[in-house]
Each structure stands twice: as structure tokens, then as C-alpha cells.
Amino acid sequence: MDTGTLFRLDGRVALVTGGSRGIGRMIAAGFVAQGAKVYVSSRKAEACEETAAELGSNCIPLPADIATVDGCRALAAALAEREGQLDILVNNAGAAWGVPFEDFQEAGWDKVMDLNVKSPFFLTQALHPLLKASGSGARPAKVINITSIDGQRLNAWETYSYQASKAALIHLTRRMAARLVQDGINVTSIAPGAFPSSMNKAARDHGDAVAKNIPARRIGVAEDMAGAAIYLAARAGDYVVGETITVDGGLVHASLGASIDG
């Protein structure tokens with residue numbers, strides 16, 4: 001048994017959407033550290049370029065707006081111009097919307113559901129030829145959807161479309177896994193809890209207060225997220241199919257107290 005390379009990603013090509021900041025950047029940095037060539041994508045070209053410059057020559061900016069199906073297909077085409085195959089796709093780009101029930105707008109529903117559910121599906125579909133070119137039973141390609149603990153349990157915030165979208169993506173992960181495993185492509189998801197980001201300002205700005213409601217008594221750090229993603233992306237996770245790994249310090253599965261936003 002060779003365990004020395006179980007978590008290495010040498011020679012692997014990855015694409016991380018929403019990869020210029022927050023959880024996406026944590027994952028991109030972890031992949032680069034393990035030897036992968038990582039394309040980071042987001043709407044803002046400058047942010048992608050800054051992240052790539054910080055993470056080094058194995059990180060390449062590939063800005064795109066994947067809020068529409070056409071945008072997903074454009075990103076896939078741009079990657080296909082540069083690579084003949086894709087080993088790892090991380091569907092991380094997402095949006096949230098919080099408004100009281102009486103005032104919740106259709107725009108807030110459609111924006112979140114489109115980016116959080118529709119885009120991961122259609123981007124994976126558009127990249128299917130590149131993923132299939134990489135994957136095999138012996139060494140599958142990987143699709144990792146970034147879901148949320150908000151898709152597993154309720155929180156106190158009136159983020160109706162966000163919570164619904166993450167629950168939908170968890171189930172979509174299982175359905176996609178059942179189909180794509182036939183092509184040597186493993187689909188899984190990571191459900192983060194409280195990690196500091198622009199989407200989770202509570203964890204970012206009030207980490208000590210948030211940590212009091214988490215069994216582990218702290219919020220997540222970059223290594224926690226990178227570690228889970230590396231495990232699923234590397235040889236170590238080759239036999240994991242359709243699973244959602246919850247990375248939240250025990251809030252969902254080991255909590256006896258009040259919930260917080262994840």
C-alpha cells in the first residue's frame with residue numbers, strides 16, 4: 001500500500017469557480033500546494049488575476065460570468081482552448097439573498113436558484129467532454145459541488161432561496177453522481193459551516209461570538225476547507241461517490257444547542 005501520494009494532485013488540472021475569494025480561494029490554494037494546475041474563475045477579472053499572482057505560477061486566472069447557461073458554455077469553451085482534459089471541477093460560485101418573507105422578491109429567488117443550482121449543472125454538462133477525457137474507473141475525474149449546512153438544517157435567517165438552493169444542490173449531487181460515475185467521473189459535495197467570507201459576514205466579523213454555538217468552539221479556517229477538498233479531489237477520495245461531507249465543527253450532526261448561519 002502506497003499512502004505517500006494519497007493526497008497529492010501532481011499533474012492534475014482543476015477549475016474552481018468563485019475561486020478568487022472566500023471558500024473558493026481556500027480550495028484553490030490547497031490544490032496548488034498539492035501540485036495541481038488550478039484555473040480560478042469569477043466575474044471580476046482583476047480579482048482572479050490578484051489571486052493567481054498570490055498563489056503562484058500554477059494558478060491561472062480565467063474570469064467568466066456563469067450566471068447564465070451561455071456563460072457556463074463560454075467558460076467551458078475558454079478552458080477547452082487551453083486544456084485537453086479537466087481532472088477536477090469545483091462548483092463553488094454562489095449567491096445569497098436575505099429578505100423578510102412578506103417582501104421577498106422574484107429577483108432574489110431567480111438569481112440565487114440560477115447561480116446555485118442551474119449553473120453547477122450546466123457548467124458540468126458543458127465540461128463533460130473534458131471531464132470524460134480525464135476520467136476512468138482506475139482514476140476518476142472529480143466534480144465537487146460546494147453546498148452548505150443550510151441545505152441540511154434551518155437557520156434563523158430569512159434566506160429562503162439560498163436554503164432551498166443548497167438542499168437542491170445536495171440532492172442534485174447524488175443524481176449527477178449516479179449518471180456520471182458511468183463515465184469515470186465522481187460527483188460529491190462539501191457542506192461548509194461557518195467560514196469567514198463576504199457571504200458569511202457573521203463568521204468573518206464576529207467569529208468569537210459565532211464560535212460559541214459550534215461544538216468545536218471555533219469557526220472554520222482555510223486548512224479545514226482545503227483538507228476536505230483535497231481529500232475528495234485526490235486518490236484518497238476515489239471511492240467516494242455522491243456523498244456530501246459536512247465541514248462545520250459539529251453544528252449539524254453533533255449540536256445540542258441553537259443554530260447559526262452557515
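Biologist: Is Cys72 buried or exposed?
Modeller: Cys72 counts as buried, because its relative accessibility is 0% (buried means under 20% relative accessible area, exposed over 50%, partly exposed in between, with a 1.4 Å probe and protein chains only). Keep in mind that this is a predicted model, where local features need pLDDT of at least 70, side-chain atom pairs count only at pLDDT 80 or more, and totals for chains, interfaces and linings use all residues. Residues are numbered from 1 along each chain as its sequence is written, and side-chain values use heavy atoms, with hydrogens and water left out.

Biologist: Which cysteine sulfur is closest to the one in Cys72?
Modeller: That's the sulfur of Cys48, at 15 Å, too far for a bond. A disulfide here is a pair of cysteine sulfur atoms within 2.5 Å.

Biologist: And what about Cys48, how far is its sulfur from the closest cysteine sulfur?
Modeller: It's 8.6 Å from the sulfur of Cys59, so again too far for a bond. Cys48 also counts as buried, at 0% relative accessibility.

Biologist: How many disulfides does the count come to, then?
Modeller: Zero, by that rule.

Biologist: OK, helices. At what angle do α3 and α4 pack?
Modeller: About 35°, and the axes of α3 (residues 69-80) and α4 are 9 Å apart. Axes are lines fitted to C-alpha atoms, for helices over the stretch in contact, and angles run from 0 to 180 degrees between N-to-C directions. Helices are DSSP runs of H or I with at least four residues, strands are E runs of at least two, and both are numbered from the N terminus.

Biologist: Which residues make that contact?
Modeller: From α3, Val69, Cys72, Arg73, Leu75 and Ala76; from α4, Lys118, Ser119, Phe122, Leu123, Gln125 and Ala126. Contact means heavy atoms within 4.5 Å.

Biologist: Switching to Pro63, where is it found?
Modeller: Pro63 sits in the loop between β3 (59-61) and α3. It is partly exposed, with a relative accessible area of 38%.

Biologist: What does Pro63 touch?
Modeller: Leaving out residues up to four places away in sequence, Pro63 touches Val40, Ser41, Ser42, Ala45 and Cys48. The C-alpha atoms of Pro63 and Lys44 are separated by 6.3 Å, though the two are 19 residues apart along the chain.

Biologist: Last one, what do the buried residues of α6 pack against?
Modeller: They pack against α4 (106-126), α5 (128-134), β5 (141-146), β6 (185-192) and β7 (244-247). Among those buried residues are Tyr162, Leu169, Ile170 and Met176.
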